Amino acid sequence: MKVLWKKGIAAMLALLMACGAGGCTDSGELSTDTTSSAGSSAEDDAWIAAATDPLTPYPETVTVTFGKEAGRNFSALAGTEWENHNDDDNAMYDIIGGFLNIDIQIDFVGNGGDDYNKKVAMAIADGNIPDVMKVSDYSTLKQLVESDMVEDLTQAFEDCATDRIRDIYDSFDGRCLESGKIDGKLYGIPATNIFNGQELLWLRKDWLDKLNLEEPETMEDIEYILQQFVEQDPGNNGEGKTIGLVVNTGIAGAYGAQFQLNNIFTHYGAAPGQWIEKDGEVVYGSVQPEMKEALTVLRDWYAKGLIDPQVAVRTNDDRIAVVASGQCGAFFGAWWSCNSPASDAWALDNSVEWVPCVVPVGEDGKVTVIEQNPSMGYLVVRKGFEHPEVAVKLVSLQYDYMRRSDYVQSDVEKAYIAGDVACDFLGNCDFNNALVLCYENIRDILDGKSPEDATAFEYGVAASCQKYVDAIDAGQLPDKTDWSNYYGRMIGTRLAAEVPYNKISPVFYSSTDTMKLRWGSLQKMESEMLLRIVMNEDPIDSFDSFVEEWYASGGDTITEEVSAEVAK
Amino acid sequence: MKKRLKREIPFHLMLLLPMLFLAVFSFAPLFGILMAFQDYMPAKGILQSRWVGLENFDFIFSLPSSRQIFANTIIISLGKLAAGIIVPVFFALLLNEIRVIAFKRTVQTIVYLPHFLSWVVLANVVSSILGFDGPINSLIQSTGHDPILFLGSNVWFRPVIILSDCWKEFGYGSIIYLSALTSIDPGLYESASLDGASRLQKIFYITLPMLVPTIVLMMALNLGNILNAGFDQIFNLYNPLVYETGDIIDTYVYRIGLIDMQYSLATAAGLIKSVIGFVLIMSSNLVSRKLVSRSIF
């Protein structure tokens, strides 16, 4: 009944607006299509205020349609008072809608990744996109701008982004916001991709202790430890059953993913899968000679049985399973690997202990980290939508106002608890070093302080960590969630805060014309080469012929195009 | 004439719905073939996108791995075609000789089962069976040999694909032969028995010759699918190590087409497949009509 009523109002409003639009001024000026009495200046002022200030609500309800990535698993809310919440209707929309006086209508929802991207592509193909939607990459943004389907948001950002939102984008040294601009105009509000910390080598601490081994630092240390794990079989898996290091089929090149060997490649100065600047020229990392050094070591490890012999045929579930079951005691993964597979292994056997190590360190004692693409998609506004600033207002509301601790009031708290906080439209907008800030706040809360910029989320995690500490002190078994939170935040992200590292900053994350056609086959060659060389199927020198073939099959043209793009 | 029409009207009405289905889901989308000759941009749509003639086809054949993927596709499909006829026919013959009806029915039902499971599920089964801890490698190791990484070996990958597909489908594929067997005139067997023919002789001189038209027909039908080597099966089982022998047109098109959103290329590749499939099915239909005077149309 309530829904019907809402829809009726929305339809009437839409009708009224459509009538009003006839009297609307030319584009470029602020729309002031009030429903009646176009001459009333007080009402005009209210519309102008709403259009130029981050948090001022609209004088009358504005209907906005959205394309939305499914944010969360609502089934987890079953049995609570929020169990009827879904991606079309939830506490978060009520809060946002009520605050800004907008009626949120969801045009389409898709699961993150392929599913959502397909729906976006369909909407674009139809030429009928929602008023506000997220697109997942720069090439889609570019395509929309080229076909003149989206609004220029430069002025809207000037007017409606709060200082904190600006600070957030500044924390990326401009890399993030710039990526939403085409020819100097801002068309997409970027979703930020925060720094995930170093990739860590998670080792079974209980195995290290059993074998009297120290935590590793260098490549040699890692090799020795893996060798001991495989030979001594500290997990009693049976002779020859222990896997040294479980590795992703892709070997390296995906960042922020698990089971990747990026640290080992960067240790030798290589940057697989990334466009980097080298001696003043833009080059593709995977075809540089440094790769060969890293591959030589890895194929040697493989030959010695230190790398999972079934690396080629394992699915991600398999990899998680071998770690969880205690068949393998070493894997690379970012701090969040505390959840899976680390806590899975602990849940199956409570004597499991993990230690994440920042290795292998170079001569300067640091590991080298490759910076990720700072943008994880863009919020765009349909060309011709009367209130383009609404996208920026949403960002200011959700990622500044509602995150501030002084806003933590009952409604939002409830929404946070219900998890509807994930029902946002952008994905994320946070400081590049948000992970470190978050760790520091949690640490301070645990120390009994109350840091002023701590969020409700951080208080929640801190409480969970406290439960872990209490349980350990009392000699009880902690809860799995508390275990994960403590290992992830107090052990994992502490390393990001405290252990210094070197950075490689790629110069290009997007796609070029030739790339669209050729990248698929070049990627095929690359993944084939990496796996075959590591698995000793091909000699190490086949790397040279791969490089030659890579350039000949379009790699040279693409390198030129990327250089030209970067030079712009 | 009029009477006949009147009598047949209900049948035509019954056909209406399927025809509508065909029109909506098969004929209308034919319009999309235009994309194969365009540089299709979703935002511009089919009518506004730039025409590029045969550029997309040129590109597909100029890809460094196009020969490899066409060869893989054809070899795998031919293997499946052969296995998909020999095994079900053999199985149907065996089943036909069983006289205990209950046993026959049970076996029949059990072998149908895998047909109804998706490859996403079966791929896990196959890779567990062939993994280092699986039964096959345990057997190999117990005889003192090194375990074999079946799904990572260019020697083994195609046989594994063909055999596992055959295992999944042979039960279902045998249905049509079993029904063909029931339509053989029992009088033939009786007179053969009177002449003193043994069971094997009856199979070779009566059953098999009577099955030939069905076999040829099935072969003709399946030839049209020669370029469909089984996307979901291979996609769930392959890895970069076996691209050399296992990467087929569909998996390749999936990687360049859907992941990189190259709709025109994907359409062009699909069109090539359809054209070849069309030529094959027409010619095999013709051959079937000439040889066994049975045809689909």
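**Figure 1. Helices α3 and α15 of chain A pack at an angle of about 120 degrees.** This is a predicted model: local features need pLDDT of at least 70, side-chain atom pairs count only at pLDDT 80 or more, and totals for chains, interfaces and linings use all residues. Residues are numbered from 1 along each chain as its sequence is written, while chains are lettered from A and ligands numbered from 1 in the order in which they are written. Helix α3 spans residues 91-100 of chain A, and its axis lies 11 Å from that of α15(A). Axes are lines fitted to C-alpha atoms, for helices over the stretch in contact, and angles run from 0 to 180 degrees between N-to-C directions. The pair is therefore oblique. Angles under 35 degrees count as roughly parallel, over 145 as roughly antiparallel, 65 to 115 as roughly perpendicular and the rest as oblique. From α3(A), the contact uses Ile96(A), Phe99(A) and Leu100(A). From α15(A), it uses Lys393(A), Leu394(A) and Leu397(A). Contact means C-beta atoms, placed from the backbone, within 7 Å. By class, these residues are five nonpolar, no polar and one charged. Ala, Val, Leu, Ile, Met, Phe, Trp, Tyr, Cys and Pro count as nonpolar, Asp, Glu, Lys and Arg as charged, and the others, Gly among them, as polar.

**Figure 2. Helix α15 of chain A is mostly covered.** Buried means 20 or more other C-beta atoms within 10 Å of the residue's own, exposed 12 or fewer, and partly exposed in between, with C-beta atoms placed from the backbone. Among the buried residues are Val390(A), Lys393(A), Gln398(A) and Tyr399(A). Helices (H or I, at least four residues) and strands (E, at least two) are DSSP runs, numbered from the N terminus.

**Figure 3. Domain 2 of chain A meets domain 3 of chain A.** Domain 2 covers 200-370 + 505-557, and domain 3 covers 434-500. Domain bounds come from an automatic or database domain assignment. The two centres, taken over C-alpha atoms, are 29 Å apart. Here 14 residues of domain 2 contact 13 residues of domain 3. On the domain 2 side, α14 (342-348) and β11 (354-357) of chain A each give two or more residues. The most come from α14(A), with four. This side of domain 2 has 10 nonpolar, three polar and one charged residues.

**Figure 4. Chain A touches chain B.** The contact joins 26 residues of chain A to 24 of chain B. On the chain A side, α4 (114-126), α5 (138-146) and α20 (513-534) each supply at least two residues. The most come from α20(A), with 10 residues. By class, the chain A side holds 12 nonpolar, nine polar and five charged residues.

**Figure 5. Helices α4 and α8 of chain B cross at roughly 45 degrees.** Helix α4 is residues 66-97 and α8 is residues 157-182; their axes come within 6 Å. The two helices of chain B are therefore oblique to each other. The crossing of α4(B) and α8(B) is right-handed. Their contact has 16 nonpolar, five polar and four charged residues. Chain B has 14 helices and two strands. Of its 297 residues, 28% count as buried.

Terms used: Contact = placed C-beta atoms within 7 Å. Left-handed = near helix turned anticlockwise from the far one by under 90°.
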